[in-house]
Amino acid sequence: MATLLELNHDDYFVDQPGEKAETNVRCSYYPQCPRPELVFGLKPHCDGTILTILMVDDNVGGLQVLRDGVWWDVPTIPRTLLVIIGDQTEILSNGFFTSPVHRVVTNAKKERLSVALDYVDHEREIEPSP
Ligand SMILES: O=C(O)CCC(=O)C(=O)O
Ligand SMILES: [Fe+2]
């Protein structure tokens, strides 16, 4: 990431979070929903994190990302973790990496599980790279 930004500091993104940066795990259960057209699993949002690492159910889609005004399904790939860039990385990279707006839609036939690991710094003031 630092190389892409042409920073002369390979560990720039590793060094920015303070010692109090936290990792939190969130397990979410999305039950079947008889009226998926009316109910979001998770409303549209960006993650306020440095990164979110997401493990989703291989058999159920549901995660969507907004790009150019269109919602796209995020494909599920077995045994693969998904990394979502968070707002803090967008700030650190001065907008080079963007924190995507995403949501989870519900499913009438299948329940869904996900595990999200948030890496976030609530203590330090995050500033754009030099
Ligand atoms: O459950 C998911 O697939 C997405 C979860 C999510 O976006 C979040 O926890 O911020
Ligand atoms: Fe999220």
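How far from an oxygen atom of ligand 1 does a polar side-chain atom of His102 lie? In this predicted model, the separation is 3.1 Å. The legends below begin with that site.

**Figure 1. Polar contacts to ligand 1.** An N or O atom in the side chain of Arg26 is 2.3 Å from an oxygen atom of ligand 1. For Ser114, a polar side-chain atom is placed 2.7 Å from a ligand oxygen atom, and for His102 the corresponding value is 3.1 Å. Of the 290 Å² of accessible area that ligand 1 has on its own, the protein covers 97%.

Figure 2. Val25, Ile53, Met55, Leu81, Val83 and Leu117 together make a nonpolar surface patch of about 510 Å². One of these residues, Met55, belongs to strand E3. Met55 is classed as partly exposed because its relative accessibility is 45%, a value between the limits of 20% and 50%.

Figure 3. Asn59 is located in the loop between E3 and strand E4 (63-67). With a relative accessible area of 59%, Asn59 is exposed, since that class begins over 50%. Val14 is 45 residues away from Asn59 along the chain, and the C-alpha atoms of the two residues are separated by 33 Å.

**Figure 4. Glu6, a residue with positive phi.** Most residues other than glycine have a negative phi. Glu6, which is not a glycine, has a positive phi of about 55 degrees. This residue is found in the segment before helix H1 (12-15). Its relative accessibility of 71% is the reason why Glu6 counts as exposed.

**Figure 5. Arg79, a residue with positive phi.** The phi of Arg79 is near 55 degrees, a positive value in a residue other than glycine. Arg79 is part of the loop between strand E5 (70-73) and strand E6 (82-85). Arg79 counts as exposed because its relative accessibility is 81%.

Key: Residues are numbered from 1 along each chain as its sequence is written. Chains are lettered from A and ligands numbered from 1 in the order in which they are written. This is a predicted model: local features need pLDDT of at least 70, side-chain atom pairs count only at pLDDT 80 or more; totals for chains, interfaces and linings use all residues. Side-chain values use heavy atoms; hydrogens and water are left out. A polar contact is a pair of N or O atoms within 3.5 Å; within protein, one must be able to donate a hydrogen and the other to accept it, and residues adjacent in sequence count only if both atoms are side-chain atoms. Accessible areas come from the Shrake-Rupley method with a 1.4 Å probe; for residues, only the protein chains shown count as cover. Patches are made of residues with over 30% relative accessible area and no salt bridge: like charges are joined within 9 Å, nonpolar side chains (Val, Leu, Ile, Met, Phe, Trp, Tyr) within 5 Å. A salt bridge is a side-chain nitrogen of Lys or Arg within 4 Å of a carboxyl oxygen of Asp or Glu. Helices (H or I, at least four residues) and strands (E, at least two) are DSSP runs, numbered from the N terminus. Buried means under 20% relative accessible area, exposed over 50%, partly exposed in between (1.4 Å probe, protein chains only).
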